[in-house]
Amino acid sequence: MSSEEELISAYVDGQLSAAEQAAFEARLARDPELRRRVLATRLLIREARQLPMLTPPRNFILPSDVARRPVVARPRFPRWAYQLGALAATVLCVVLIVWDFGLPSARPAPAAQPAQPAAQPMLPEALSQERVAPADAEPRAFALPESAPSPTPATPSSPDVNGWVTLPRALAFALLILAIALAVMGWGKRG
Amino acid sequence: MNGAIEDEAALIRAAQRGDVASFNQLVLAYQGQVYTIAYRILGDAAAAADATQEAFLSAFTHLKDYRGGSFKSWLLRTVTNACLDALRYQKRRPSQSLEAEDDEHSLADVLPSEEEGPERAAERRELRCFIERAALTLPPDQRITFVLSDVHGLSYQEIAQVMNVSLGTVKSRLSRARAKLRDALLAHPELLPDEFRQ
C-alpha cells in the first residue's frame, strides 16, 4: 500500500495535521488525477454511509432456559491445526510401526538372546549384596550360572507368540485412532 | 439502536447474573445493527442471521468476561468473530462476484429521498448496489474495517477495539479497502456523477 493512499484516506477523514493538510492540498491543486481520486473516495464514503439499516428477518432473543443449558466448550482451533495434528500422529504411527516391525536392529535378534542370561547374573549379585542374606543366596531360576546356557529358548521366544501387543504397537494403534479422529474433526470444522 | 435502553449497565449486570430477560432487552436494542453489520460483511441474509444468532448466544455465554467499557464495541467484536468464522466456511464455496444476484435486502427497494428526482435516485441506488457488492469482494479484514468505518460510522478507535488491532492497522486496512473500491468505481464511469465523466 502506498503511503499516498493512506494520505488520501487520512485527508478525507480530516486526520492530517495542519502542515500535512496544507502540503497535501498544494499537491491537489496541481494534480488533477489525485484530485479525481480524492473526489471518488469522498463519493464512496458518502454513498456507503447511505446504505440503509436492515430489518432483521426475525428476533434473535434467546430462549429463557438458555442459562440452564450446559455450555459445551468447543475447541476453537483452525482446520489446519487438526490436519497438522492428524499428519503428525500418522507420521509418528508409521515411525513406530517401522521401528517395531521393519528394522531388525531395533528388536533383539534370536541369535543374540542366549547372551541375555550372561548379563543377568549381575542383578542377583547386586540384590544379594544389598537385600538378600547370604544364607538365602540360593540360585533362582533367573540366576543361572554364566556357564549354564538356557535350557530351552521358550522364555526368549514367548513375546513373539503370546505378547503380540507390545508398547510400541499399542502406541502406534493409539496414534492411528488419534489421527483418524483429528482428520474427522478437521473435516467437519469450519475454515 | 440502543436509544430505547434506559439503563444498559443495569441490564448487563443482571444478564451477567444469568437473567435472560435482561439480556434479551439488549438483544432487541442491538439486533438491527448487529444483523446489518453481519449482512454487510457476509452478503447473505441466511448467513447473516446465523452469525447474528451465534453472536448473541456467544455474548450471553461469555458475558462474565465483559469488564466494562463500550458494550457495543464488545458486542460487535463477537459478531465480527462470528462473521469471520462464517467467511472461513464460505471459502469452500464459490465466491460471490459483482454480478451476484440480489439478495432479499436489495437496495432496489429503497425509496428515493424527496429532494432528488427519480432518475437521480435510480442512479444512486445503482451506485450503492455496486458499492455494496464490491465491498463483498474485499479481503475479510479490509471488508470488516470498511463496513464498520464507512457504512456504520465507527471511529478508528472503536474499530481498533472491535477488531483488537492497533490504530495503524485500522488506518492501513481502511485505506486499502477504500482504494480498491474507489478504483472499482472509477472503472465504471457510467455509475458516477457528471463531474467524473470527462
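This is a predicted model: local features need pLDDT of at least 70, side-chain atom pairs count only at pLDDT 80 or more; totals for chains, interfaces and linings use all residues.
1. H3(B) covers residues 45–61 and H4(B) covers residues 71–90, and the two pack at an angle of about 130 degrees with their axes 8 Å apart. The crossing of H3(B) and H4(B) is right-handed.

2. Who does the touching there? On the H3(B) side you'll find Ala47(B), Asp50(B), Ala51(B), Thr52(B), Glu54(B), Ala55(B), Ser58(B) and Ala59(B). H4(B) answers with Leu75(B), Thr78(B), Val79(B), Ala82(B), Cys83(B) and Ala86(B). By class, this contact has nine nonpolar, three polar and two charged residues.

3. Next, look across the chains: 31 residues of chain A are in contact with 45 residues of chain B. On the chain A side, the elements giving two or more residues are H1 (3–12) and H3 (32–49). H3(A) gives the most, with eight residues. The chain A side as a whole splits into 18 nonpolar, six polar and seven charged residues.

4. H3(A) also packs with a helix of the partner chain, H8(B), residues 167–186: their axes come within 9 Å and cross at roughly 100 degrees. So H3(A) and H8(B) are roughly perpendicular to each other.

5. At that crossing, H3(A) brings Arg37(A), Ala40(A), Thr41(A) and Leu44(A), while H8(B) brings Arg178(B), Leu181(B), Arg182(B), Leu185(B) and Leu186(B). The tally for this contact is five nonpolar, one polar and three charged residues.

Note on methods. Residues are numbered from 1 along each chain as its sequence is written. Chains are lettered from A and ligands numbered from 1 in the order in which they are written. Axes are lines fitted to C-alpha atoms, for helices over the stretch in contact, and angles run from 0 to 180 degrees between N-to-C directions. Helices (H or I, at least four residues) and strands (E, at least two) are DSSP runs, numbered from the N terminus. A crossing is left-handed if the near helix is turned anticlockwise from the far one by less than a right angle, and right-handed if clockwise. Two residues are in contact if their C-beta atoms, placed from the backbone, lie within 7 Å. Ala, Val, Leu, Ile, Met, Phe, Trp, Tyr, Cys and Pro count as nonpolar, Asp, Glu, Lys and Arg as charged, and the others, Gly among them, as polar. Angles under 35 degrees count as roughly parallel, over 145 as roughly antiparallel, 65 to 115 as roughly perpendicular and the rest as oblique.
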